[in-house]
Protein chains: 2
Amino acid sequence: MTAYLLTVGDEILIGQITDTNSAWMAQQLNLQGIRIAGKASVGDVHPNIIEAMDYALSKADLVLVTGGLGATKDDITKKAIAEYFGVEMIFHTETWQRLQYFFKKLGKIPNEMNKNGCFMPANAEILPNDRGLAPAMWFEKGGKVMVSMPGVPYEMMHLMTDRVLPRLKNSFPVSPVVHRTLMTAGEGETGLAALLSDFEDALPTHIKLAYLPAFNQVRLRLTATGADEAVLNQEIEVEKAKMETIVAKFVYGYDDEPLAKAVGKLLVAKNWTLATAESCTGGYLSAQLTANAGSSAYFKGGIIAYHNDLKTNILKVKEATLEAHGAVSEQTVREMVQGALNACEADIAVAISGIAGPGGGSKEKPVGTIWVAAGNKTHTRVAHLTIDRGRNRNVEYAASVALNLVRLFLLATEKDVILRDA
Amino acid sequence: MTAYLLTVGDEILIGQITDTNSAWMAQQLNLQGIRIAGKASVGDVHPNIIEAMDYALSKADLVLVTGGLGATKDDITKKAIAEYFGVEMIFHTETWQRLQYFFKKLGKIPNEMNKNGCFMPANAEILPNDRGLAPAMWFEKGGKVMVSMPGVPYEMMHLMTDRVLPRLKNSFPVSPVVHRTLMTAGEGETGLAALLSDFEDALPTHIKLAYLPAFNQVRLRLTATGADEAVLNQEIEVEKAKMETIVAKFVYGYDDEPLAKAVGKLLVAKNWTLATAESCTGGYLSAQLTANAGSSAYFKGGIIAYHNDLKTNILKVKEATLEAHGAVSEQTVREMVQGALNACEADIAVAISGIAGPGGGSKEKPVGTIWVAAGNKTHTRVAHLTIDRGRNRNVEYAASVALNLVRLFLLATEKDVILRDA
């Protein structure tokens with residue numbers, strides 16, 4: 001089964017918002033064995049929406065339309081759909097009742113515009129929305145399905161997860177597709193491909209390997225398609241185990257687990273707590289850690305020592321060190337680690353100090369020069385980055401290296417390990 | 001002049017990456033008066049790429065294609081273009097020379113695959129890429145233009161800014177379009193629309209107002225189209241001034257300046273430094289501040305007191321306060337502000353403590369309960385958030401409220417101001 005994703009909204013075409021919905025929807029659909037044939041965005045223009053829907057339905061079995069619903073949009077998608085299918089709009093009492101109840105809870109009274117929004121195309125099946133006013137609408141024609149949903153991510157995700165995907169699973173069983181993903185860090189796509197070359201050649205034809213890279217991490221995703229889901233699961237587990245043996249030292253987790261979350265698991269297993277000391281990454285690394293629910297189990301907190309004062313006052317980096325080596329140096333990040341361990345009373349700390357750019361570089365320390373250290377009272381691992389990827393990407397990359405450094409530290413033996421990585 | 005954006009790549013259709021390029025390109029093109037007619041994504045499938053290009057060229061005067069270039073992609077876009085135009089591939093010596101030089105700098109030797117990548121469609125004009133191996137290619141046919149670029153954002157942005165946009169400006173002068181944007185915070189779209197209702201009705205027909213909302217902020221963008229750019233600029237300045245008078249208290253900046261950057265300017269004007277004390281936002285607020293180049297002029301740093309230990313040990317929040325009111329309370333965030341002022345030796349500090357979710361809520365303090373405070377030694381402003389928008393959006397919204405609270409504090413008179421906002 002194939003799907004086409006259509007987003008309606010001027011705000012997308014003028015670049016006001018970034019379309020995050022499509023990537024999320026594609027991932028969810030893929031997990032159910034539905035492949036995306038293509039995707040497109042169209043403006044809030046009635047004839048363009050109709051044309052785009054028609055095109056999409058010619059390209060795929062399922063069309064998911066987001067956006068163009070609600071009062072501020074004059075319900076343009078709904079009207080285009082009604083015209084496309086040549087149906088009337090009829091008042092949907094249940095939606096009106098839900099809306100009245102929702103307004104009552106907020107202590108407000110719905111107006112005429114709100115009530116008019118409860119008219120739906122006559123051939124729509126209404127899928128209620130628990131997170132907003134506009135329900136999803138399910139349409140079928142000629143063996144094809146079209147679903148219209150609001151564009152607000154929080155609402156779309158609920159509607160997909162709780163209404164649309166379960167219904168697709170029941171109504172349109174597809175050839176089973178199973179995935180297994182190894183999450184790796186510390187080796188690039190090319191290096192991993194070299195290690196896995198023979199393994200890939202030996203894969204049966206119905207199992208494929210995809211390399212999905214990002215910031216010092218690569219996801220290795222196996223996908224198996226066939227007739228019998230149980231058999232596929234057995235087969236893919238075998239291949240996954242083989243693959244894991246080959247690249248074991250780079251594997252930090254499975255199936256889209258973020259590196260920060262995997263680090264959290266290792267910390268919990270050791271009953272250790274972590275603290276951060278950030279300079280040029282300015283909170284980005286800590287935000288990666290705290291983005292995961294449950295991080296309070298292992299993350300004590302951190303010091304953003306953006307100004308050198310905070311490095312000396314709070315992290316107790318020695319003035320002499322700053323003078324002799326500078327803030328961006330191996331010596332300074334080592335002392336930042338010790339300082340964070342003490343200030344935050346954590347078992348392990350990770351520190352970053354560097355020049356994210358675009359300003360601040362020099363001949364000796366050009367933009368992109370970043371030192372990262374992770375350690376405890378007795379041992380430290382250090383990494384030295386030098387490539388300039390632009391300010392934002394320098395920060396993202398350094399945070400990824402920092403997380404991996406913590407991971408490697410947690411996995412290391414008790415031998416005194418002082419290495420320069422990456 | 002209209003443009004159609006086409007992205008080539010399986011990685012987009014499987015949801016592996018989020019397409020950030022399109023939004024950026026759309027904004028840049030809009031600034032030059034080029035409207036986006038639509039956009040689409042297609043997979044790494046030769047005939048699909050050809051079909052998509054043909055469709056795009058039927059919809060707009062200019063087609064920008066990103067992705068599908070380079071060795072890992074088997075240069076699929078390039079080959080599709082050559083077939084579409086019915087031309088041969090010829091070896092481009094200058095690209096080969098640049099590539100050899102680039103490899104030499106890295107101490108590497110190009111291989112046969114790299115050399116083969118230097119073949120270009122015979123009708124291409126090559127626009128050199130200073131940030132990567134694949135150049136951009138410019139094609140013209142029947143008065144229309146198609147440009148192919150790599151999908152790597154860092155490279156695409158350089159090619160657009162330094163090669164494509166200047167060339168478009170010269171080759172295809174468009175009806176002048178001018179924009180002015182007021183950046184506002186603290187009032188929603190509906191509230192602003194109510195205030196600006198008469199102003200909008202009175203706007204001349206060739207000047208339009210767009211409301212572009214995000215997280216407690218709304219961009220108010222005026223767009224004027226006409227024949228004479230100088231006249232348009234005069235007219236739009238007049239309307240902008242009128243608009244600003246009406247919504248002055250919400251305006252924090254102009255023309256897409258981030259709120260964090262606007263706050264930075266206010267701090268610099270007062271010669272004040274800022275420190276942060278974050279709990280549930282875990283670094284996100286600080287990262288917003290440090291994302292702006294030059295933030296070291298006003299941002300000292302911060303304490304991420306994720307664990308209550310750090311609230312008491314580093315920020316000196318009283319144990320009695322935590323016991324009586326809890327970590328998520330007005331009293332605690334006020335003490336966090338004072339603690340950050342002292343620990344970081346800053347002139348003003350902002351603190352956030354709350355329950356981002358999904359866990360951690362209670363009947364008295366449900367998920368979404370977040371306290372924010374901004375102040376100095378003598379005065380504090382406080383905000384109390386209650387709506388649950390989901391973990392990530394709770395964090396983003398709290399950070400936005402925090403920045404606005406700092407802004408309002410910096411603009412306030414010396415009267416003792418203790419308000420509850422939002």
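This is a predicted model: local features need pLDDT of at least 70, side-chain atom pairs count only at pLDDT 80 or more; totals for chains, interfaces and linings use all residues.
Let's get our bearings in chain A.

As a reminder, strands of a sheet pair through backbone hydrogen bonds, either parallel or antiparallel. Follow the strands across and you get an open sheet of 12 strands, in the order β6(A)-β7(A)-β8(A)-β3(A)-β1(A)-β2(A)-β2(B)-β1(B)-β3(B)-β8(B)-β7(B)-β6(B), with mixed pairing. At the edges stand β6 (125-127) of chain A and β6 (125-127) of chain B; each has a single partner strand, so one side of each has no neighbour in the sheet. On average, and ignoring direction, neighbouring strands of this sheet are turned by 20° against each other.

Strand β7 (residues 136-141) of chain B pairs with strand β8 (residues 144-149) of chain B in the antiparallel sense, over 5 bridges. In this pairing, K141(B) sits opposite K144(B) in β8(B). Helix α3 (residues 46-59) of chain B lies across β1 (2-8), β2 (35-42), β3 (62-66) and β8 of chain B, and runs at about 170° to β1(B).

That helix has a counterpart to meet in chain A. The axes of α3(A) and α3(B) come within 15 Å and cross at roughly 170°. An angle over 145 degrees counts as roughly antiparallel, and α3(A) and α3(B) are therefore roughly antiparallel to each other. Which residues make the contact? On α3(A) they are E51(A), Y55(A) and K59(A), and on α3(B) they are E51(B), Y55(B) and K59(B). By class, the contact of α3(A) with α3(B) has 2 nonpolar, no polar and 4 charged residues.

Back in chain A, helix α3 (residues 46-59) also packs with helix α4 (residues 76-85) of chain A, at an angle of about 60° and with the axes 9 Å apart. That angle makes α3(A) oblique to α4(A), and the crossing of the two is right-handed. From α3(A), the contact uses H46(A), I49(A), I50(A), M53(A), D54(A) and L57(A), while α4(A) brings I76(A), T77(A), K79(A), A80(A), I81(A), E83(A) and Y84(A). Sorted by class, the contact of α3(A) with α4(A) has 8 nonpolar, 2 polar and 3 charged residues.

The axes of helix α2 (residues 21-31) of chain B and helix α7 (residues 153-171) of chain B come within 11 Å and cross at roughly 20°. With that angle, α2(B) is roughly parallel to α7(B), and their crossing is right-handed. The α2(B) side of the contact is N21(B), W24(B), M25(B), Q28(B) and L29(B); the α7(B) side is P153(B), M156(B), M157(B), M160(B), T161(B), L165(B) and L168(B). This contact of α2(B) with α7(B) has 9 nonpolar, 3 polar and no charged residues.

Next, another sheet in chain A. Here 4 strands form an open sheet in the order β10-β11-β9-β12 (chain A), with antiparallel pairing. Its edge strands are β10 (207-214) and β12 (251-254) of chain A, each pairing on one side only. Neighbouring strands of this sheet are turned by 25° against each other on average, direction ignored. Strand β9 (residues 177-185) of chain A pairs with strand β11 (residues 217-225) of chain A in the antiparallel sense over 9 bridges, and H179(A) stands opposite T223(A) in β11(A). Helix α10 (residues 229-247) of chain A lies across β9, β10, β11 and β12 of chain A, running at about 15° to β9(A).

Most residues other than glycine have a negative phi, and most peptide bonds are trans. The peptide bond from G357(A) to P358(A), though, is cis, with omega near 0°, and P358(A) is in the loop between β15 (348-354) and β16 (370-375) of chain A. In chain B, a cis peptide bond joins G357(B) and P358(B), with omega about -5°. K316(B), in the loop between α13 (308-313) and α14 (319-325) of chain B, has a positive phi near 55° and is not a glycine.

Methods
Residues are numbered from 1 along each chain as its sequence is written. Chains are lettered from A and ligands numbered from 1 in the order in which they are written. Side-chain values use heavy atoms; hydrogens and water are left out. Axes are lines fitted to C-alpha atoms, for helices over the stretch in contact, and angles run from 0 to 180 degrees between N-to-C directions. Angles under 35 degrees count as roughly parallel, over 145 as roughly antiparallel, 65 to 115 as roughly perpendicular and the rest as oblique. A crossing is left-handed if the near helix is turned anticlockwise from the far one by less than a right angle, and right-handed if clockwise. Contact means heavy atoms within 4.5 Å. Ala, Val, Leu, Ile, Met, Phe, Trp, Tyr, Cys and Pro count as nonpolar, Asp, Glu, Lys and Arg as charged, and the others, Gly among them, as polar. Two strands pair if DSSP finds at least two bridges between them.
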